[in-house]
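Thanks, everyone, for making the time. I would like to walk through one model with you, going from a single pair of side chains out to the chain as a whole.

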Amino acid sequence: MMTKRNKILITATMIVGAVVVLVVAGILFLSPSRSQQMKQQSTLAVNRSTTPVLFVHGWGAGLRSQMPLARKAIREGYAQKGLVVYVGPSGQIQMYGRLPVHPKKSPEILVKFPNAYIGEYKEAAALHKILILLKRNYHMTQYNAIGHSMGAYALTFQAEKYGNSNQLPRLNKLALIAGPFDGILNRHKWDQPLSGKLSRLWDDYPGQNRLLANGQPKNKHPEYRVLIRNRYRFPRQAKILNIFGQVNDGSDSDGTISVPSALSLGSILKKQVASYKVRSFSGQLAKHANLETKNTRVQETIMKFLWG
């Protein structure tokens with residue numbers, strides 16, 4: 001079990017997140033100034049895609065981790081404010097904001113799990129409910145998505161499990177950042193569970209895994225086996241961008257996810273989808289948390305993938 005201190009920290013995080021979610025959402029979707037808009041129009045050739053974009057965070061994260069990329073996409077003229085989707089402690093779903101019927105740019109849909117420690121499979125179950133509601137209530141017919149860490153796994157697992165169900169909008173493009181497709185490095189971090197089912201997700205160790213000639217990992221952890229078993233259900237029309245980091249500290253990882261774990265997705269989906277691309281980043285800004293929040297090259301790569 002987690003220590004008493006860790007439980008207190010996690011509980012406090014959940015409470016604070018639930019209280020400030022609307023305030024943060026309001027700050028996130030502040031419109032750029034008129035001068036900024038004029039500058040953008042004069043310097044950017046914007047692809048007028050109107051496909052909504054879901055943002056899905058991972059373990060211990062939230063709206064703040066999504067904010068840099070979401071605001072940058074709005075600021076540079078690719079996206080516009082849309083919805084903030086709040087998943088309550090009991091799985092209830094509330095949506096704040098609006099999804100324009102005829103958007104001029106891609107509406108952003110930010111998903112917030114108040115309990116950021118529910119794990120990738122519960123995240124995937126919540127995402128499925130959200131997608132059903134988006135099609136039923138907002139008539140959303142297709143979507144793109146960006147997922148970081150467990151959010152990347154959750155998006156992949158959900159798409160595999162339900163495929164092109166008529167209940168759901170069709171998946172178009174999927175940008176995955178540091179996905180734990182074959183486990184998470186066990187480095188005994190403070191928010192890492194010490195017992196229970198979720199603790200088993202931290203089943204990877206530095207230097208103990210590698211990719212074989214066929215692209216599959218030498219050590220196939222349960223998370224990988226689940227995905228490869230259901231890979232034929234994944235929507236074939238989808239295009240995937242798989243991003244991973246390497247901090248060059250000898251661990252062959254971004255500090256949390258090993259390179260073999262992130263790259264193992266290729267052996268699962270490369271032959272199942274319309275397009276599959278991989279991009280690597282190295283250095284301090286390639287640390288697990290920094291990839292989405294601080295690495296402008298990652299942000300620009302994702303924007304080019306979604307709107308280029």
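This is a predicted model: local features need pLDDT of at least 70, side-chain atom pairs count only at pLDDT 80 or more; totals for chains, interfaces and linings use all residues.

Let me begin with Lys72 and Glu76, whose side chains meet in a salt bridge at 3.0 Å, N to O; by salt bridge I mean a side-chain nitrogen of Lys or Arg within 4 Å of a carboxyl oxygen of Asp or Glu. In general, side chains of opposite charge can pair when their charged atoms come close. The structure holds one salt bridge.

Residues are numbered from 1 along each chain as its sequence is written, and side-chain values use heavy atoms, with hydrogens and water left out.

Are Lys72 and Glu76 buried or exposed? Lys72 counts as buried because its relative accessibility is 9%, and Glu76 counts as buried because its value is 19%, where buried means under 20% relative accessible area, exposed over 50%, and partly exposed in between, with a 1.4 Å probe and protein chains only.

Next comes Gly77, in the loop between helix H3 (63-75) and strand E2 (79-87); helices (H or I, at least four residues) and strands (E, at least two) are DSSP runs, numbered from the N terminus. Gly77 is buried as well, with a relative accessible area of 4%, and its C-alpha atom is separated by 9.4 Å from that of Ser106, 29 residues apart along the chain.

Gln158, in helix H5 (residues 150-162), is also buried, at a relative accessible area of 2%. What is Gln158 in contact with, leaving aside its neighbours within four places in sequence? Taking contact as heavy atoms within 4.5 Å, its partners are Ala124, Leu127, His128, Leu131, Tyr143, Gly163 and Leu168.

By contrast, Lys277, in strand E8 (residues 275-282), is partly exposed because its relative accessible area is 40%.

Finally, the chain as a whole: its secondary structure comes to ten helices and eight strands, and of its 308 residues, 54% count as buried. Among contacts between residues at least 6 apart in sequence, 78% join residues at least 24 apart. The accessible surface, from the Shrake-Rupley method with a 1.4 Å probe and, for residues, only the protein chains shown counting as cover, comes to about 14400 Å², of which 52% belongs to carbon and sulfur atoms.
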